[in-house]
Amino acid sequence: MDINLRKPEPVDLDALYKQKNDPEIRRLLGGFSRPQSKADLIDWLEYHRKRTDEVLWTIAAVDDGRCLGHVGLYKIDLVARSAEFGIMIGDREAWGAGIGRKATVFALQHAFLQENLNRVSLTVLASNERAIRLYLAVGFVEEGRLRQAQFKDGLYIDVIAMGLLRSEFIHAR
């Protein structure tokens, strides 16, 4: 499936509302543990659109423009030359089509080649095996584990901290 990465727009709200309220999606993500109202998502979208220390893209299907999820670089620090990475493929029909990898590589190229960053970090639930495989495949390295740091569906889940340096990414491309 071909994708287009673009700035989030109000037209994405209905898809994001469905995605962020899908129990299976929420189970895979740290942070989005509670259901989101449309008002919450409007606030979330406006908050992120106005931030000067982050870049957020909607992952959209080329054929019909529908929102498949989002990807972003957060807490961009131009002094330390670092940022945090996050991605959500919220359209389950798009899973397994390589979209996560395409969007991740795009964001990392932006981080290292456009923003001139040296380091990108992320955290991922240890139970999200698909995401961990993706992150390892593009060069992220496990840097630590926060034991039982998230509580989901009555269980405590470890959170894995990962990082990728510019030199590792450029050599891995």
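**Strand pairing and surroundings**

Guide: This is a predicted model.

Visitor: Which residue is the bridge partner of Ala83 in S5?

Guide: The partner of Ala83 in S5 is Val120. Between S4 and S5 the chain passes through helix H4 (residues 99-114), and this β-α-β crossover is right-handed.

Visitor: And how many bridges join S3 to S4?

Guide: There are 7 bridges between strand S3 (residues 67-77) and S4, and these strands run antiparallel. Within this pairing, Tyr74 stands opposite Glu84 in S4. The hairpin of S3 and S4 has 4 residues between the strands, and Arg81 adopts a positive phi near 55° there.

Visitor: Is S4 largely enclosed or open to the outside, and why?

Guide: Strand S4 (residues 82-89) is largely enclosed by the rest of the structure, because 7 of its 8 residues are buried. Buried here means under 20% relative accessible area.

Visitor: What is the strand order of the whole sheet?

Guide: The order is S1-S2-S3-S4-S5-S7-S6, in an open sheet of 7 strands with mixed pairing. Strand S1 (3-6) and strand S6 (141-152) are the edge strands, each pairing on one side only. From one strand to the next, the twist averages 25°.

Visitor: How does S6 run relative to S7, parallel or antiparallel?

Guide: S6 and strand S7 (residues 155-165) run antiparallel and are joined by 8 bridges. One of the paired positions is Val141, whose bridge partner in S7 is Gly163.

Visitor: Which strands does helix H5 touch?

Guide: Helix H5 (residues 129-137) packs on the sheet and touches S4, S5 and S7. The direction of H5 makes about 160° with that of S5.

Visitor: A change of topic: where is Arg66 found?

Guide: Arg66 lies in the loop between strand S2 (55-61) and S3.

Visitor: Why does Arg66 count as partly exposed?

Guide: Its relative accessibility is 27%, so Arg66 counts as partly exposed. That class covers values between the 20% limit for buried and the 50% limit for exposed.

Visitor: What does Arg66 touch?

Guide: Leaving aside residues up to four places away in sequence, Arg66 touches Met1, Ile59, Ala60, Ala61 and Asp91.

Visitor: And how far apart in space are Arg66 and Arg130?

Guide: They are 23 Å apart from C-alpha to C-alpha, with a separation of 64 residues in sequence.

Conventions
Residues are numbered from 1 along each chain as its sequence is written. This is a predicted model: local features need pLDDT of at least 70, side-chain atom pairs count only at pLDDT 80 or more; totals for chains, interfaces and linings use all residues. Side-chain values use heavy atoms; hydrogens and water are left out. Buried means under 20% relative accessible area, exposed over 50%, partly exposed in between (1.4 Å probe, protein chains only). Helices (H or I, at least four residues) and strands (E, at least two) are DSSP runs, numbered from the N terminus. Two strands pair if DSSP finds at least two bridges between them. A crossover is right-handed if, with the strands pointing away from the viewer, the path from the first strand over the helix to the second runs clockwise. Axes are lines fitted to C-alpha atoms, for helices over the stretch in contact, and angles run from 0 to 180 degrees between N-to-C directions. Contact means heavy atoms within 4.5 Å.
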